[in-house]
Amino acid sequence: MCVGDDEKWMRMAIEVARSKGSDPASSPLGCVIVLDGKVIAAERNQTQELPDATAHAEMMAIRRACEGIGEMELRGATLYSTLQPCGMCTMASIWSKVGRVVYGAGRNEVHRMYFEARHVDTLHFIADAYRDDLEIHGGCLADECAGLYYSPDADVPIEEQGNL
Ligand SMILES: [Zn+2]
């Protein structure tokens, strides 16, 4: 479910993701960070291109946003991601002090290859964080976002499963 302007920004995140093409093998993830109604970062994952195993869309967007505003904290900002952030990106969201995380497809709507742990749902990290000023909402344009990725029962070649 999208609230307020969330749909507009999630559509931008989808466009950013699609700039990698539409092949789920390229893991098209997009992330947009918005502060005071303005986009301060819009990035896709760049792990292969850089190459950098930590260059997930959210990590790249947090880096660009902090550089752009010249602050290490992004208080009051909303981070939009086409897919539920992984553990690394969820922790980075907590450390960066964003105020909201909004994602499209949830971990149960895509193949397990996009997540590092069998049972740890990153929503639990947010719920357990010392911060009590961070909100997370899933399911904004969930179907469109899930369409970017391998489905839960897809027969994905093992060499494409980045979490193994
Ligand atoms: Zn990630």
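Colleague: Which residue in β2 is the bridge partner of Val32?

Modeller: Ala42 is the bridge partner of Val32 in β2. Keep in mind that this is a predicted model.

Colleague: What makes β1 and β2 a pair?

Modeller: Two strands pair if at least two bridges are found between them. Here 6 bridges join β1 to β2, and the two run antiparallel. So by the cut-off of at least two bridges, they pair.

Colleague: What sits in the hairpin between β1 and β2?

Modeller: The hairpin has 2 residues between the strands. Asp36 in this hairpin takes a positive phi near 50°.

Colleague: Which partner does Val32 have in β3?

Modeller: Tyr80 is the bridge partner of Val32 in β3. Val34 has a partner in β3 as well, namely Thr78. In total, β1 (residues 30-35) and β3 pair in the antiparallel sense over 4 bridges.

Colleague: How do you know that β3 pairs with β4, and in which sense?

Modeller: Count the bridges. β3 and β4 (residues 100-105) pair over 5 bridges, in the parallel sense.

Colleague: What do β3, α3 and β4 make together?

Modeller: They make a β-α-β unit, with α3 spanning residues 87-96. The unit is right-handed.

Colleague: Why is β3 called largely enclosed?

Modeller: A residue is buried if 20 or more other C-beta atoms lie within 10 Å of its own. In β3 (residues 78-83), 6 of the 6 residues are buried, so the rest of the structure largely encloses the strand. β1 is largely enclosed as well, because 5 of its 6 residues are buried.

Colleague: And why is Gly4 called exposed?

Modeller: The cut-off for exposed is 12 or fewer neighbours. Gly4 has 8 C-beta neighbours inside 10 Å, so Gly4 counts as exposed. Gly4 lies in the segment before α1. The C-alpha atoms of Gly4 and Asp155 are separated by 37 Å, and the two are 151 residues apart along the chain.

Colleague: What puts the buried residues of α1 on the same side?

Modeller: The buried residues of α1 are Trp9, Met10, Ala13, Ile14, Val16 and Ala17. They cover an arc of only 160° around the axis, so they share the same side of α1. Residues three or four places apart in an α-helix point the same way, because there are 3.6 residues a turn. The cover over the buried residues of α1 includes β1, β2, β3, β4 and α5.

Colleague: Which residues of α3 are buried?

Modeller: Cys89, Thr90, Ala92, Ser93 and Ser96 are buried in α3. Their arc is only 160° around the axis, which puts them on the same side of α3. The buried residues of α3 pack against α2, β3, β4 and α4. After α3 comes Lys97, with a positive phi near 70°.

Colleague: What do the buried residues of α2 pack against?

Modeller: They pack against β1, β2, β3 and α3. Ala57, Met60 and Ala61 are among the buried residues of α2.

Colleague: Which residues touch the most other members of the largest nonpolar core?

Modeller: Ala13, Cys31, Val32, Ile33 and Ala61 do, in a core of 38 residues. At least two residues of this core come from each of α1, β1, β2, α2, β3, α3 and β4.

Colleague: What is Ala61 in contact with, leaving aside its neighbours within four places in sequence?

Modeller: Ala61 is in contact with Cys31, Val32, Ile33, Ala41, Ala42, Glu43 and Leu79.

How values were computed: Residues numbered from 1 in each chain as written. Predicted model: local features only at pLDDT ≥ 70, side-chain atom pairs only at ≥ 80, totals over all residues. Right-handed = clockwise from strand over helix to strand, strands pointing away. Arc of directions from axis to C-beta. Contact = placed C-beta atoms within 7 Å. Core = buried A, V, L, I, M, F, W, Y, C linked by C-beta atoms within 7 Å.
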